[in-house]
Amino acid sequence: MTFLSSNQLKEYNELGFLSPLDVISEQAAKEAREEVELIEKKLPSAVNNKGRYNVHLISPKLDKIVHNSKILDIVESTIGKNILVCSTTLFIKNPNELGYVSFHQDAKYIGLEPHNWVTAWIALTDSNEENGCMKMWPGSHDYLRHHNQKFDKGNLLTRGQTVENIPEHKIKNIILKAGQMSIHHPKIVHGSGLNKSNNRRIGFVVQSYIGSNVKQVLGKNSVQIARGIDSFNYHKKIKRVSGLMKQEDIELMTKENRDLQEIFYNGSEKIGQF
Ligand SMILES: O=C(O)CCC(=O)C(=O)O
């Protein structure tokens, strides 16, 4: 059992994020990275775009992380014992490639309400200031802010949603070793910079773990039960991965990603590829 202590929970509630948390071994992170890189090679259409969504549906190593009990204990501490997995994203930044994430709040565009959910960012490589780690504005989860929509080739967000006038002096870098995790609140303002190193930076993000009482108000999400029971039944249930890159799983992932695209571009003037 690795539930958060009351001090950790207090810190999460005050700051809107908590980090670093040791969740998987460096070896498990390395193996997951290798599996992701194998998928990139064999199935580039699944992961060669800006958003690499729901790869846990075709990757047993990522599936294992999503359902890891240490991670779920931490998640349970923040959202309660009935936990659903909504979707996942691989945020990959290659060396010397354009790729940043503008400051934003997830709750503004992800359609999950009420905000009884938490996002888990698991480092498959080290993540630091040089290679474009996540950056958080502590305490900014007090209310939903105005976002400008700024499409930009280098922005890893689908619609370039951006909170302006960030107080740079308050921003905290989230430094993680491979195998460590940060969690963040639906309303925390966060972003990340460019990768200026010679190595890849890979974050595997469960976006998000939701309480069973959470609805999708912008479209539809399918879910897996990660822990507990779902007496609300707001979402369709989907199965876990059956093996590495299995055809039926690839088809499921493709369908889920289509639904996700509708949510991400809901209300936007631009429907694009992601
Ligand atoms: O990985 C990044 O640089 C940004 C990730 C992010 O915005 C998120 O996990 O919500």
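This is a predicted model: local features need pLDDT of at least 70, side-chain atom pairs count only at pLDDT 80 or more; totals for chains, interfaces and linings use all residues.
1. Asn165 sits in the loop between strand S10 (161–162) and strand S11 (172–173), and its phi is near 55 degrees, a positive value in a residue other than glycine.

2. Asn96 is worth a look alongside it. Its phi is also positive, near 55 degrees, and its place is in the loop between S4 and strand S5 (101–104). With 11 C-beta neighbours inside 10 Å, Asn96 counts as exposed. For context, most residues other than glycine have a negative phi, and most peptide bonds are trans.

3. One joins Ser19 and Pro20, with omega about -10 degrees; Pro20 lies in strand S1 (residues 17–22). Another joins Gln207 and Ser208, with omega about 20 degrees, and Ser208 belongs to strand S14.

4. Ser208 turns up again among the contacts of Trp117, which also touches Ile79, Leu112, Pro186, Tyr209, Ile210, Gly211 and Val214, leaving aside residues up to four places away in sequence. Trp117 lies in strand S7 and counts as buried because 25 C-beta neighbours fall inside 10 Å.

5. Ile79, one of the residues touched by Trp117, is itself buried in H5. Helix H5 (residues 69–79) has eight of its 11 residues buried, so it is largely enclosed by the rest of the structure. Among the buried ones are Ile71, Leu72, Ile74 and Val75, but also Glu76, Ser77 and Thr78. Just after H5, Gly80 takes a positive phi of about 100 degrees.

6. Now the ligand. Its surroundings are Phe91, Val101, Asp106, Thr119, Trp121, Met134, His190, Ser192, Gly203 and Val205. By type, this shell splits into five nonpolar, four polar and one charged. Strand S7 (117–123), strand S13 (189–192) and strand S14 (201–211) each contribute at least two of the shell residues.

7. Finally, is Lys93 buried or exposed? Lys93 is buried, since 27 other C-beta atoms lie within 10 Å. Lys93 is in strand S4 (residues 88–93). Its contacts, not counting residues up to four places away in sequence, are Gly99, Asn131, Gly132, Asn195, Arg200 and Arg201. Lys93 and Lys41 are 52 residues apart in sequence, and their C-alpha atoms are 16 Å apart in space.

How values were computed:
Residues are numbered from 1 along each chain as its sequence is written. Helices (H or I, at least four residues) and strands (E, at least two) are DSSP runs, numbered from the N terminus. A residue is buried if 20 or more other C-beta atoms lie within 10 Å of its own, exposed if 12 or fewer, and partly exposed in between; C-beta atoms are placed from the backbone. Two residues are in contact if their C-beta atoms, placed from the backbone, lie within 7 Å. A residue is near a molecule or strand if its C-beta atom, placed from the backbone, lies within 6 Å of it. Ala, Val, Leu, Ile, Met, Phe, Trp, Tyr, Cys and Pro count as nonpolar, Asp, Glu, Lys and Arg as charged, and the others, Gly among them, as polar.
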